[in-house]
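Trainee: Could you take me through this model, showing me how each feature is read before we turn to the case itself?

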Amino acid sequence: MVAGQDNPDRPPDTGEWMHIYPPPPRSRVITLFHHGAHVRPWLLNYLGPLLEKLVSAHTLVVITDEEVAKPYLPTIIESLQNWNPGARTLSRAIPSGERHKTRDTWAALTDWMLAERCGRDTAVVALGGGVVGDVAGFVAATFMRGVPFVQCPTSLLAMVDASVGGKVGVDTPAGKNLVGAFHQPTAVLVDPTVLRTLPPSHRRAGLAEVLKHGIVADAAYLDQAVAIGPGLVDGTTTEWDGAELVDLIARSIEIKAEVVKQDEREAGIRQILNFGHTIGHAIEAESDYTLLHGDAISTGMVLESTLAERIGIAEPGTSAAVARALAAVGLPTTLPDGMSPDALVERMRADKKARAWRFMLALPRRVGEMATDAGGYGITVDETDLRAVL
Ligand SMILES: NC(=O)c1ccc[n+]([C@@H]2O[C@H](COP(=O)([O-])OP(=O)(O)OC[C@H]3O[C@@H](n4cnc5c(N)ncnc54)[C@H](O)[C@@H]3O)[C@@H](O)[C@H]2O)c1
Ligand SMILES: [Zn+2]
């Protein structure tokens, strides 16, 4: 397939775009640690020339999943081969879904790379949602004690959250994300146009993290996300290569990056990104992971804001504003029918953030600003108050 022929909107892959990289708002670059996050429509069609500039490796290993491979892998492989003729390009698609984010998948990928005689001069390209990013990143973190990797997130959640911050890893039977590493990518390359094939339920779930970024740090951004959210979810009003979507994703990355840069190892301010997640994780686990993470943390954000108001931390009206924003894009705001408060509290007690009978949560002061207590962002809450909002 020749770039440009299968899609009339798409400019031909002449390589010239590297020099005419369009100015904002149609493309944005956010500085992360020693690397950048590039948000640019149709970027994945130019992965070849981009990687040629960004990494020098003899072998490029593209790790993706079966759902993402179908629409995108052939074009990407072609672009990589055209632009990196001196490099070997290998690719592997794992089955899609959280249940494949395991040590077995990690082992199968690393064994395959060893069988292919990949050496230290290998770079890993993670092409997919958060599952692929986490497991491929963990492969990169551990293969030959660490090789470079590039994140190409294709779900909204992976674009605005999972690909930013350097956390990689796998799940174990004892719990999610319990084995992993910090391994920063060489670059994060975001092509918003691929969201057109992401199922609407996953677009909505990803929006929960987008809205969270607004609630914890930027009230005006929350309004902007609420305005374009419904069209993004149902796919009716969004220009997949438009400036609005570029801005939405870029600002979210920027908010997460600003927080993570101040606190790479999660000792202080990074806790604010856990807003909605203490109760949300309990809801997610109690649903047996039938609820998407974003749907669970949506209700978690509403209940945690209610808690913040109840204990006098948040301005009156905060939880109503949070619930309005989430409901506007179709996210849930109440507990699923039949979910027991006792079971949720038990789950939270087992969570590593609980200390004895008290709980530590990141809570809002108002929309756009999180509360602090003695300079820290973890607010201690009694079990009675927690139970009262469930
Ligand atoms: N490392 C971190 O800091 C961090 C942060 C948040 C979440 N996570 C992890 O991210 C994971 C969740 O990520 P997710 O929601 O992206 O899940 P996912 O990777 O399972 O992707 C969701 C579904 O969408 C499909 N998909 C992805 N992009 C697509 C596209 N463009 N077109 C069509 N289908 C597409 C996938 O195949 C999958 O079926 C969890 O494992 C979570 O622990 C990690
Ligand atoms: Zn989350």
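**Reading the domains and a helix**

Mentor: In this predicted model, 9 residues of domain 1 touch 8 residues of domain 2, where contact means that C-beta atoms, placed from the backbone, lie within 7 Å. Local features need pLDDT of at least 70 and side-chain atom pairs count only at pLDDT 80 or more, while totals for chains, interfaces and linings use all residues. Residues are numbered from 1 along each chain as its sequence is written, with chains lettered from A and ligands numbered from 1 in the order in which they are written.

Trainee: Which residues of α3 are buried?

Mentor: An α-helix has 3.6 residues a turn, so residues three or four places apart point the same way. In α3 the buried residues (20 or more other C-beta atoms within 10 Å of their own, C-beta atoms being placed from the backbone; exposed is 12 or fewer, partly exposed in between) are Thr105, Trp106, Leu109 and Met113. Seen down the axis, they fall within an arc of 100°, taken from the directions from the helix axis to the C-beta atoms, so they line one face of α3. On the other side, Asp104, Ala107, Asp111, Leu114 and Ala115 are exposed.

Trainee: What do the buried residues of α3 pack against?

Mentor: They pack against β3, β4, β5, α4 and β7.

Notes:
Helix = DSSP H or I, 4+ residues; strand = E, 2+ residues; numbered from the N terminus. Contact = placed C-beta atoms within 7 Å.
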